[in-house]
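Visitor: I would like to learn how to read a model feature by feature. Could you take me through one?

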Amino acid sequence: MGCLSRIGCIVVLAVGGVGAYWLYGDRLPSVLSRAASGAASRVTDAATKASERLDSNQGARIASENDAARRAERAKRERAIVWARLTPAGSAGGESIARLARRNGPAFVSLRAPELAGVLATGMSKVLPSSATRPEVAIVDEQVLVRTVVALRDVAGDGALRGLLGVALDGRDTLRMAGTLDLVRPGLAEYRVRELRLKGIDVPPRLIPALVGAMHRAVTADSLPSDALPIPLPKAVADVRVANGKVTLYKAVVP
């Protein structure tokens, strides 16, 4: 019976093969090939989609980790900044200028944030909005940082920018600037604002000149860049350099 069963199976397969050939003729190999190719394509597509989902999840995780690392690094830099309140020169800043002005005084003096705050206090009070309170200064690498709390509408002025920003500038908030300090002539320096942050948002560079022009109240005959604030300095100062977290003031020639 086993032999007859095997013979029967062979006969069924043979009949099936003959029937398939009769139906498809010489197209049978190509039909089988397409069927195999289709199955392989479906397997490949499934694998690709699974891989894309994995890559997407990995990409989101990596992006989140990178963003967290950037925030942590920024917070670390912020904690390292030494801020000093802008108060009229009378302590360390005033003493440094007095030494520089003496005929037999040093050729230069280097100031940290507390000394610089005393030197810039009077000049900054003339260019910051009248609503500014608690102004502070810091020095980071080659830049001077200034922050103060202001009435936001004083920063926008009365032009098109105020109309554009509208209610976004209601109330008071912290204004923060970072920029360079250079001498224009004896008695006058310019503070060029390279970065400006308002309500915790970094203002696009092309808007900085409009905000700077709206905020300062000082009048000067000198032609300054549109992103610069005029800062009066003692005439004993012949040059200014900012580097390595310090501001160096160079002595003017005493006649």
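**Reading strands, pairs and cores**

Guide: Buried means under 20% relative accessible area, exposed over 50%, and partly exposed in between, with a 1.4 Å probe and protein chains only. This is a predicted model, so local features need pLDDT of at least 70 and side-chain atom pairs count only at pLDDT 80 or more, while totals for chains, interfaces and linings use all residues. Residues are numbered from 1 along each chain as its sequence is written, and side-chain values use heavy atoms, with hydrogens and water left out.

Visitor: How many helices and strands does the protein have?

Guide: Helices (H or I, at least four residues) and strands (E, at least two) are DSSP runs, numbered from the N terminus. Here there are seven helices and 10 strands. Of the 255 residues, 31% count as buried.

Visitor: Along strand β2, which side chains are buried?

Guide: Strand β2 covers residues 108-111, and its side chains alternate. Val109 and Leu111 point to one face and are buried.

Visitor: In which sense do β2 and β10 pair?

Guide: Two strands pair if DSSP finds at least two bridges between them. β2 and β10 (residues 246-251) have four bridges, in the antiparallel sense. Ser110 stands opposite Thr248 in β10.

Visitor: How many aromatic pairs does the structure hold?

Guide: Rings of Phe, Tyr and Trp (its six-membered ring) pair if their centres lie within 6.5 Å; planes under 30 degrees apart count as stacked, over 60 as edge-to-face and the rest as tilted. The structure holds one such pair. Phe108 and Tyr250 form it, tilted, at 5.9 Å centre to centre and 45° between the planes. Phe108 lies in β2 and Tyr250 in β10, so the pair ties together parts that are 142 residues apart in sequence. Tyr250 is partly exposed, at 32% relative accessibility.

Visitor: Which residue has its charged end over the ring of Trp83?

Guide: A charge sits over a ring if NZ of Lys or CZ of Arg is within 6 Å of the ring centre and within 35 degrees of the ring normal. Arg147 places its charged end over the Trp83 ring, 4.1 Å from the centre. Arg147 is in β4, opposite Glu136.

Visitor: What surrounds β4 in the sheet?

Guide: Strand β4 (residues 143-151) is mostly covered, with seven of its nine residues buried. Six bridges join β4 to β3 (residues 133-140), and the two run antiparallel. Eight bridges join β4 to β5 (residues 172-185), also antiparallel. Ala151 has Arg172 in β5 as its bridge partner.

Visitor: What lies between β3 and β4 in their hairpin?

Guide: Two residues separate the strands, and Asp141 in the turn has a positive phi of about 55°. Asp141 is not a glycine. At 49% relative accessibility, Asp141 is partly exposed.

Visitor: Where is Lys199 found?

Guide: Lys199 is in the loop between β6 (188-198) and β7 (201-202). Lys199 has a positive phi of about 55° although it is not a glycine. Its relative accessibility is 41%, partly exposed.

Visitor: Which residues touch the most other members of the largest nonpolar core?

Guide: A nonpolar core is a set of buried Ala, Val, Leu, Ile, Met, Phe, Trp, Tyr and Cys residues joined through side-chain atoms within 4.5 Å. The largest has 43 residues; Leu120, Met124, Met177, Tyr191, Leu196, Leu229 and Leu249 touch the most other members. Helix α4 (residues 113-127) gives the most to this core, with eight residues. Apart from it lies another core, of five residues, including Ile81 and Leu145.

Visitor: Which residues is Ser96 in contact with, beyond its neighbours within four places in sequence?

Guide: Contact means heavy atoms within 4.5 Å. Leaving those neighbours aside, Ser96 is in contact with Val109, Leu111 and Glu115. Ser96 belongs to helix α3 (residues 92-101) and is buried, at 7% relative accessible area.

Visitor: Is Ser223 buried or exposed?

Guide: Ser223 is exposed, at 75% relative accessibility. Its place is the loop between α7 (208-215) and β8 (228-232). Ser223 and Val184 are 39 residues apart in sequence and 9.6 Å apart in space, C-alpha to C-alpha.
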